[in-house]
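Here is a short briefing on how this chain packs. Start with the core, then turn to a helix pair and a loop position.

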Amino acid sequence: MRRAVRPITVRQEAVLAVIRSSLAEHGHGPTVREIGARVGLSSTSSVAHQLGRLEAQGLIA
């Protein structure tokens, strides 16, 4: 049985926006710390969790 895909959260959308912006401006993705600073997450673990959720949904690799 397949799991239903949840819509992404506002925070996850912000993380995606930071990644897209960094790719467009610099040609590479941001660091975990850069993502955290730009979306208001001080814990790298919290950023890693958000990245893991996005990866599980197939939005990033």
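In this predicted model, the largest nonpolar core has 10 residues. Its members are Val15, Leu16, Val18, Ile19, Ile35, Val39, Leu41, Val47, Leu51 and Leu54. In soluble globular proteins, nonpolar side chains tend to be buried together.

**Core**
- Helices H1, H2 and H3 are the elements that give two or more residues to this core.
- H1 gives the most, with 4 residues.
- Val39, one of the core residues, is in contact with Arg11, Ala14, Val15 and Val18, leaving aside neighbours within four places in sequence.

**H1 against H3**
- Helix H1 covers residues 10-26 and helix H3 covers residues 44-56.
- The two pack at an angle of about 90°, with their axes 10 Å apart.
- Angles of 65 to 115 degrees count as roughly perpendicular, so H1 is roughly perpendicular to H3.
- From H1, the contact uses Arg11, Gln12, Val15, Leu16 and Ile19.
- From H3, Gln50, Leu51, Arg53 and Leu54 take part.
- The residues of this contact divide into 5 nonpolar, 2 polar and 2 charged.

**Gly29 in the loop**
- Gly29 sits in the loop between H1 and helix H2 (32-39).
- Its relative accessible area is 35%, so Gly29 is partly exposed.
- Gly29 touches Ser22 and Leu23, not counting residues up to four places away in sequence.
- Gly29 and Val18 are 11 residues apart in sequence, and their C-alpha atoms are 8.6 Å apart in space.

Methods. Residues numbered from 1 in each chain as written. Predicted model: local features only at pLDDT ≥ 70, side-chain atom pairs only at ≥ 80, totals over all residues. Heavy atoms only, no water. Axes fitted to C-alpha atoms, helices over the stretch in contact; angles between N-to-C directions. Parallel < 35°, antiparallel > 145°, perpendicular 65-115°, else oblique. Contact = heavy atoms within 4.5 Å. Nonpolar A, V, L, I, M, F, W, Y, C, P; charged D, E, K, R; others polar. Buried < 20%, exposed > 50% of the residue type's maximum accessible area, 1.4 Å probe, protein only. Core = buried A, V, L, I, M, F, W, Y, C linked by side-chain atoms within 4.5 Å.
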